[in-house]
Amino acid sequence: VLENKDELYKNALGRLGNKYGNHPIATKAWYALASWYYQQGLDYHPIQNPANRNALLQAKAICERVAAQKDSSEGWANCKNLLQEILRPDVNLQTEKVNVPGQPFRTLVSWKNFAQLHFRVVKVDRNIIGKLNDQNNDNDDFWRKLLALPVLKTFSRSLPDSRDHQTRRAEISID
């Protein structure tokens, strides 16, 4: 119910971590603090909530400091896992379902820790789609067959790297 409960929580975790130094129990406090910053970073939105833009950088710094220790405690392992999650590259493409033939179409790209997209355009028909979606195919076989199709066009798009590990979104055109 306190107005400054988040600040009190952060300060208490910082004091515990500093007081017990390199002791394995301190890594739990550091992980809790890094996790708190991570959750704040997930709430970041460039327009609606710009205050938490650097929260993931703070979580990363804490996790890197804990991960550098010669330790194998629970807090150390949790920090290593959180650090991997913060640094994990992620990309998502959403393309409109209806496009005008012969015109470029828009695709919404969401990315994190990613700088370059490489595109390959292939021509498919119902017969090829049927072969690709065959029930006997595993995921690797699907991609192997898709990569074997003749290429009509290849191109790349560079994405701005903000280095704050936040998810970004932009629309691009695809010919």
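Visitor: How many salt bridges does a search of the whole structure find?

Guide: A quick word on the source: this is a predicted model, where local features need pLDDT of at least 70, side-chain atom pairs count only at pLDDT 80 or more, and totals for chains, interfaces and linings use all residues. Residues are numbered from 1 along each chain as its sequence is written, and side-chain values use heavy atoms, with hydrogens and water left out. A salt bridge here is a side-chain nitrogen of Lys or Arg within 4 Å of a carboxyl oxygen of Asp or Glu. Searching the whole structure on that basis gives 12.

Visitor: Which helices does the salt bridge between K28 and E74 link?

Guide: Those two side chains meet at 3.4 Å, N to O. Helices (H or I, at least four residues) and strands (E, at least two) are DSSP runs, numbered from the N terminus. K28 and E74 are 46 residues apart, so to speak in distant parts of the chain, and they sit in helix α2 (residues 24-42) and helix α4 (residues 74-87).

Visitor: Is E74 buried or exposed?

Guide: Buried means under 20% relative accessible area, exposed over 50%, and partly exposed in between (1.4 Å probe, protein chains only). K28 has 41%, so it counts as partly exposed. E74 has 52%, which makes it exposed.

Visitor: What does the salt bridge between E96 and R106 tie together?

Guide: Their side chains meet at 2.5 Å, N to O. Both residues are partly exposed, E96 because its relative accessibility is 35% and R106 because its value is 44%. The pair ties together parts 10 residues apart in sequence, because E96 is in the loop between β1 (90-95) and β2 (105-112) and R106 is in strand β2.

Visitor: What is the volume of the largest cavity?

Guide: On a 1 Å grid over the protein atoms alone, a cavity is a set of points where a 1.4 Å probe fits but cannot get out. Grid points are joined across faces, edges and corners, and a volume is the space filled by probe spheres set on the points. The structure has 1 cavity of 30 Å³ or more. The volume of the largest is about 50 Å³.

Methods. On a 1 Å grid over the protein atoms alone, a cavity is a set of points where a 1.4 Å probe fits but cannot get out, and a pocket is an open set with protein on both sides within 12 Å along at least five of seven lines; lining residues have an atom within 4 Å of a point.
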